[in-house]
Amino acid sequence: MKDAIVWSVLVLTGGLVAVRPDEPAPSKPGTGKTATDPVAAPPPRFNPTPVALSGASGDVFAVAVSPDGKRVANAGGTTNPPSGFVSVVETETKKELFAARSTRPVTSVGFTPDGRHLAFAGRDATAQLVDAATGTVVFALKLDGPAHLAFTPDGKTIVTATDAKTVQLWDVPSGAEQVKFRGGPGRVSGVAFSPNGKQLAVAGTEIAPQVHGVLIVWDVATQRVSSRLEGGQGAMLSVAFAPDGTTLAAGAADGQVQQWELPGGKVKTTIRAPGPVGGLAYSPGGRVLAGATGGGTDGGSVRFWDPASGEEVGALDGHPGTCRAVVFADDGKKLVSGGGARSVKVWDVPGKKEIVTLRQDEVPQDLPVPLALAAAPDGSLVALTTEDRGVILRGARTGEQRATLKGHEDAVTCVAFSPDGKTLATGSADKTVRIWDVGTAKERAILRGHTNWVYAVAFSPDGKTLATGAYDKTVRLWDAAAGKERGAIEAHRGSVRAVAFSPDGKTLATGGSDRLVKLWNPDTHELRTALKGHEGSVRAVAFSPDGKTLASAGEDGLVKLWDPATGKTIANPKKEHSDEVVCLAFAGPRAVISGGSDGSIRVWDVTSGVMVATLQGHPGGVTGLASTAGGTVLVSAGQDRILKRWRPDAPGPVRLFSGHTGVVQWASFSPDGKRFVSCGNWPEGDKTLRVWEVDTGREVLKVDHPGQSAMAIFSPDGKLILSACDDNSAYLWDAETGKEVRIFKGHTDPVGGVAFSPDGSQVLTGARDKTARVWDLKTGRELQKFEGHTEQIRRVEFARDGKHAFSGGRDGFVRMWEIDSGKEVRQFKTSGPWADGIAVSRDGKYVAGGGTNARVWEVDTGKEVAECVGHQFGLTGVAFSADAKYLLTTAYDGSARLWDRATGKELYRFRGHREFLWSASFSPDEKWIITGGGGASVNGQFVKGTDFDIRLWKMPDAKTMTDFAPEN
């Protein structure tokens, strides 16, 4: 299998039923409470990877300068969550002239020699040519994989090179394809033309027999490879021609820069940089080679070397993070670089100094430490208070800074939005409370009365009353509109650290340094009860949205849950925080979230008091929490000076099926949906077929298989099971008893794919011997053999008419065959050098194939109707829903994804597998999905792994798809 392990090394250099504690576990599918039942709804799940709303929003991967030097194009993005950008900035004014967004990072960008057009390409498998002034698209190319591009020196042609090893030349400005080269390198990292346009170099990385860089050089006129240059171990990241065209340089992830002599490919020099070399450029005269790298004295740097000797002759330091791209300008007198924090800088090369930073996102060390956090009721804004006397308003989805409120004369310690979101209240160590108009960012009133630091503020549910707590031991109540004090309560024997109104406004909860939580009547100021139990100062109190639960937390590291009506303890959660708890937020009625000085964020089930999740929040400590979107989205701030948005995570599997001791290569349902069959594949352990009951999770059949099995399926009537075997045969089994019924022998290499004809009378197999074969079910006799694939066949399918068959091979094609004649009648090209998954829709109209991405074609015409782009590292399987409305895919990135078959839009993502995911199948009624996987890549080699559980998932409804869509 190691030849199937695509790219992951570059990024990640007896049936026991187990049920997740935070998921419903109905005894039968479809019974019990649903996920939308508010009584049964489990605590919300948050994706463990948050979106940073302050600080750097991505890296610049490529830069280009217009011929007149007045504009700089920069492109880049982030990989998690995936996003991309292209921007053109005016160098004199820093004004952004043009901007575009992409679903994946953009990795290359360039101007035409006349400056009229701009081209860019990236990880979303597209390339575009646009008007450089307006951004109007001239043409867009749909490619077969993530791509890089470059212009020929005359600007009349664009070259694109993709991870699918395809290199194409396109006419400018028509977009017509001119030439297609085959045999490019693997994961592409750069392309370059020689100054005379006669040579084309493509840099990439191969993984076999080990990870190493490769440079392939073509003679453009003859389309022949003139040189294949092998780099060192590690990924190759950049490539550049010297001005005279006789030298080619490449930079690698291990910090090595090699220069080759052309023609011939002799290594001239090997240079060592202090970090990965993501960009290279020769000065116009060729006297200096510049490299973009990490490891400078102040983050990323540009290094200058003498090309002849390889000696370093200068350095420019100052990029945050890693410098990733360089290009010379103004006849070599200037240099433009791009890197971390979306930084773009212009440098004076002779003077070795920075001229200007065209743009650069904030980095954490540039931001003030946030002391408290609040979110607007509609989730549109968050307010951060800081120790430098400021209050910052930011967009809650983008993190864009909207306003800074100035007026306090000391650190701002607390903040709250009014229920309508139009007013903000802040308290400070300057002993005042200030009221702000959110719309105008203007101060409306200053409330004076406290005689010491103010620690807490809270609006009543009707917005008419503001409660504040301070170090002077008092709680004061104010008319929020008039700014007048209504009264003061001598609340605690020590400072008042927390205040909160109940949802009905009839109770005010306070927490103090006397270790007590107190409940008050806010109208009469009468004390109703004092809740004892904390062993340290109480730092936070919060009511659940339904008012039935009060949570408190403090310096003792404890979170406590109370019934506010009776004052009794609901639950005594175990101490999980290793330091004081400073903030609380409810996420719906069932979950409370705590943030601690230990840097962690913890989610608690209110009913049981059990901690159900831990999020790695903020190194140094969490300082603020707020929930939005009905509790499904969480925003946090901390000592690391970063504001984070924690997105909802999709519901987990309903049930796990454990028993296999090796990789689960396949799992699929029986025709009635009551059972499913799975097969194991690993020589050190599992060589079994297993049948499971879906309702109970019970393993009802185990068959010791003659060898490893890559696929096993039920016959159309559910009475038989067909399995592929690595002993070059396929086996037929009785689905009730496990007794062997028949063997199909004839292949000369391991069988990888099997299929039943629609009427169940024939069997189809595909093997590593590059053939697919049709067999008579009853006699086992071979009826037909299909030959034409140039690499092994991984999957096979019958057409719904029973007269045709499909096969998917490692040659990158799905082929359609006529069964009677054995002739190939159509080819479907996948988006990569393999087709490890194929599927035919139940109505017979569509066939899908999985390569780098998933593609869907019309069977009758061969026309491509959709492409599903998003998986990293390539696909392992595809499946249609019964009505062909959805396409389900699995991949080496460990996820299964649901797509709109018509548009190719990703609708939903099933996350939970820790390793490669090999198969996913719909139940016949489409209420359930089953997935199986296992195995991983270590140093480019396939290893057994540890995750052999099979997972049963509930098919998401329209609301769930919307709530957990990738864009959300």
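Residues are numbered from 1 along each chain as its sequence is written. Because the model is predicted, local features need pLDDT of at least 70 and side-chain atom pairs count only at pLDDT 80 or more, while totals for chains, interfaces and linings use all residues; side-chain values use heavy atoms, with hydrogens and water left out.

The largest nonpolar core comprises 29 residues (a nonpolar core being a set of buried Ala, Val, Leu, Ile, Met, Phe, Trp, Tyr and Cys residues joined through side-chain atoms within 4.5 Å; buried means under 20% relative accessible area, exposed over 50%, and partly exposed in between, with a 1.4 Å probe and protein chains only). Within this core, I721, L722, F744 and V754 have the most contacts. Two or more residues each come from β60 (675–681), β61 (688–693), β62 (699–704), β63 (712–714), β64 (720–724), β65 (729–734), β67 (751–756) and β68 (762–767). Here and below, helices (H or I, at least four residues) and strands (E, at least two) are DSSP runs, numbered from the N terminus. L722 shows how such a residue is surrounded: leaving aside neighbours within four places in sequence, L722 is in contact (heavy atoms within 4.5 Å) with M711, A712, I713, A730, Y731, L732, F744, V754, A755, F756 and V763. A second, separate core has 20 residues, among them F669, W682, V694 and W918.

The loop between β64 and β65 holds D726. With a relative accessible area of 33%, D726 is partly exposed. Beyond four places in sequence, D726 touches G707, Q708 and P750. The C-alpha atoms of D726 and A710 lie 8.0 Å apart, although 16 residues separate the two in sequence.

Another loop residue, H871, sits between β78 (864–868) and β79 (875–880). H871 has a relative accessible area of 9% and is therefore buried. Not counting residues up to four places away in sequence, the residues touched by H871 are T852, T889, T890, A891, D893, S895, R897 and W899.

Q639 and V369 are 270 residues apart along the chain, yet their C-alpha atoms are separated by 5.9 Å. V369 is also one of the residues that Q639 touches, and the others, outside four places in sequence, are H618, P619, G620, G621 and T623.

Turning to sheet architecture, 4 strands form an open antiparallel sheet in the order β15-β16-β17-β18 (two strands pair if DSSP finds at least two bridges between them). β15 (187–193) and β18 (224–233) each have a single partner strand, so one side of each is left without a neighbour in the sheet. From one strand to the next, the twist averages 15° (axes are lines fitted to C-alpha atoms, for helices over the stretch in contact, and angles run from 0 to 180 degrees between N-to-C directions). β15 and β16 (residues 199–206) run antiparallel and are joined by 6 bridges, and G190 stands opposite A203 in β16.

Finally, some backbone details deserve a friendly mention. Most residues other than glycine have a negative phi, and most peptide bonds are trans. A cis peptide bond, with omega about 10°, joins V172 and P173; P173 is in the loop between β13 (166–171) and β14 (177–182). L262 and P263 are likewise joined by a cis peptide bond, with omega about -5°, and P263 falls in the loop between β21 (256–261) and β22 (266–272). K165 has a positive phi, near 65°; K165 belongs to the loop between β12 (157–162) and β13 and, at 31% relative accessibility, is partly exposed. A629 also has a positive phi, near 55°. A629 is located in the loop between β55 (622–628) and β56 and is exposed, with a relative accessible area of 52%.
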